[in-house]
Amino acid sequence: MSEEQKLDNGPAGLLDSETIADGIESDDGTEEITAQKVLEFLETAWTNEMSAPEILMHQSEMIELMMGQIAHMEENMKDLNKNDFRYVAHQMELERIRYIMVSYLRCRLRKIENFTQHILNEESVREPDEKRLSQEETKFAKEYYENMETCFQQVALQYMPNMQRSEADQRIVRPNLMSHVFIKAKVSVPSVVVGVDDEEVDLAANSQHIIPYQLIADLIHKNQVKLI
């Protein structure tokens, strides 16, 4: 498909249907990545991150792929007249995609700032392929924690009794994993424990539920349900 034909297809035409990366692992094996699939993946990651009380697995690779695709989209638009309605529509779509990425990253930074020590403690015991922070986020979290500890020491801690100085664990802020969230099942999931009495229910595909986050956290990581 020519660049002009892509532009004529409306905002969706900006996103290539051609493969832009080797592939990602899915339940059915390795799946080819197109720009449209990357966008759909990021939209799901964004809504999950916004609704989850804890920080989820980072998607820095997908962010980088989409940033490269945005640069490609902007190159495609250079030949369009800025007064052309197609240009306006495509520009709005680009702004929408940028908003999703910025909102996603800001949400993650907000969680890092709120739960810094808890997140760093959790990351320290995870295997390398299970770490949820990107390298940049890890660097930011460590620097933020060190700066906050230095400030707290200079402003308050040095004036407190020795007993209170040593109670660092009590200052750790943790997310409320038992907060209720809305979920939508992407596939059928049998025998999900939903209560303190080990009550089990079967989640039908596309069914929606409200449930404590901790009970379905592993289903989100397995991509079997999504937050809405």
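This is a predicted model: local features need pLDDT of at least 70, side-chain atom pairs count only at pLDDT 80 or more; totals for chains, interfaces and linings use all residues.
Val 88 belongs to helix 4 (residues 85-114) and is partly exposed, at a relative accessible area of 38%. Buried means under 20% relative accessible area, exposed over 50%, and partly exposed in between (1.4 Å probe, protein chains only). Helices (H or I, at least four residues) and strands (E, at least two) are DSSP runs, numbered from the N terminus.

In helix 3 (residues 60-76), the buried residues are Met 62, Ile 63, Met 66, Gln 69, Ile 70, Met 73 and Asn 76. Viewed down the helix axis, these fall within an arc of 125 degrees (taken from the directions from the axis to the C-beta atoms), so they line one face of helix 3. Glu 61 and Glu 64, on the other side of helix 3, are exposed.

Most residues other than glycine have a negative phi. Asn 206, however, has a positive phi near 75 degrees; this residue sits in the loop between strand 5 (200-203) and strand 6 (208-212) and is exposed, with a relative accessible area of 54%.

Residues are numbered from 1 along each chain as its sequence is written. Local features need pLDDT of at least 70, side-chain atom pairs count only at pLDDT 80 or more, totals for chains, interfaces and linings use all residues, and side-chain values use heavy atoms, with hydrogens and water left out.
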